[in-house]
Amino acid sequence: MGDGVQNETVFYSKAENYWREVEPTVDGMLGGYGKISNIDIDGSKKFLQKFLGQGEGKTGNGCALDCGAGIGRITKRLLLPLFNTVDLVDVTQEFLDQAKVYLGDESKRVENYFCLGLQDFIPQDRRYDVIWIQWVIGHLTDDHLVEFLRRCRGGLRPEGLIVIKDNVAYEGVIPDDVDSSVCRELALVKSLVTRAGLTIVCEEQQMNFPDEIYQVHQLALR
């Protein structure tokens with residue numbers, strides 16, 4: 001079972017065109033579900049703080065990477081409060097331009113704004129304590145997701161962590177023709193993680209989201 005993507009060029013260009021038309025606001029980033037942002041950030045913080053700290057096996061708080069960062073919702077609320085510096089990567093330049101406004105004074109602790117699709121992004125070797133990948137893996141084909149995760153592994157500092165937080169389908173792969181993405185069942189996501197040479201060290205379902213949206217799971221990888 002694969003992602004079902006027939007034409008990669010069309011798959012990626014349709015997604016870029018979709019996001020170009022989205023308002024650069026929190027509500028726009030969350031597809032009209034801006035009301036869930038606080039619940040989402042609280043769940044992410046509880047999950048991530050299990051790994052941060054001093055001592056053997058703990059993840060440092062030097063630098064984090066926000067993948068598919070949009071206007072910096074996660075950077076502002078989750079990553080900047082926990083890390084010294086943050087880099088953002090997103091395919092839409094308008095979102096990154098707005099991030100500099102949205103983040104306010106804290107934007108001085110953002111070192112890089114990369115305007116690239118994740119299929120083309122190469123993290124700097126051993127730069128990041130945490131690479132946070134939320135609501136964006138559906139915009140990558142299976143092969144490109146595996147390749148991206150492999151590159152992320154090379155971008156981690158010792159005891160660094162990759163976190164995927166995303167929608168999961170009940171069964172199979174569900175395409176979304178509107179934003180040109182796919183939603184994969186959890187077993188498939190896990191198999192792609194394994195293909196990338198990574199191990200799942202913790203997994204949790206995000207609770208208290210509206211019933212009408214997909215289940216959302218968080219996976220911590222090393």
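This note sets out numbered points on a predicted model.

1. Basis of the note. Residues are numbered from 1 along each chain as its sequence is written, and side-chain values use heavy atoms, with hydrogens and water left out. As the model is predicted, local features need pLDDT of at least 70 and side-chain atom pairs count only at pLDDT 80 or more, while totals for chains, interfaces and linings use all residues.

2. Annotated site. An unreviewed UniProt entry gives the feature "binding site" at G68, R73, D90, V91, T92, L118, Q119 and Q134. From this set, G68, R73, D90, V91, T92, L118, Q119 and Q134 belong to the lining of the largest pocket. UniProt positions follow the numbering used here, feature names are shortened, and annotations may be inferred rather than shown by experiment. A pocket is, on a 1 Å grid over the protein atoms alone, an open set of points where a 1.4 Å probe fits, with protein on both sides within 12 Å along at least five of seven lines; lining residues have an atom within 4 Å of a point.

3. Q119. This residue lies in the loop between strand 3 (110–115) and strand 4 (128–134); strands (E, at least two residues) and helices (H or I, at least four) are DSSP runs numbered from the N terminus. Q119 has 17% relative accessibility and counts as buried (under 20% relative accessible area; exposed is over 50% and partly exposed in between, with a 1.4 Å probe and protein chains only). Beyond its neighbours within four places in sequence, Q119 is in contact (heavy atoms within 4.5 Å) with Y12, L140, H144 and R151.

4. Q134. Strand 4 holds Q134, which is buried at 3% relative accessibility. Its side chain makes a polar contact with that of D40 at 2.9 Å; such a contact is a pair of N or O atoms within 3.5 Å, where within protein one must be able to donate a hydrogen and the other to accept it, and residues adjacent in sequence count only if both atoms are side-chain atoms. Residues up to four places away in sequence aside, Q134 touches D40, S44, C67, R73, I74, K165 and D166.

5. Helix 3. D40 is also among the buried residues of helix 3, which are S37, D40, I41, G43, S44, F47 and L48. They cover an arc of only 165° around the axis, which puts them on the same side of helix 3; the arc is that of the directions from the helix axis to the C-beta atoms. Strand 4 and strand 5 (156–168) are among the elements that cover these buried residues.

6. Helix 1. The 13 residues of helix 1 (residues 8–20) should span 18 Å at 1.5 Å a residue, and the end C-alpha atoms are 19 Å apart, which agrees; the expected span is 1.5 Å times one less than the number of residues. F11, Y12, A15 and W19 are buried in helix 1. Because the buried residues fall within an arc of 90° seen down the axis, they line one face of helix 1. They pack against helix 2 (26–29), helix 5 (93–102), helix 6 (142–154) and strand 7 (181–184).

7. C115. Located in strand 3, C115 is partly exposed at 35% relative accessibility. C115 and V91 are 24 residues apart in sequence, yet 5.1 Å apart in space, C-alpha to C-alpha.

8. S181. Strand 7 contains S181, which is buried at 12% relative accessibility. The side chains of S181 and D179 make a polar contact at 2.7 Å.
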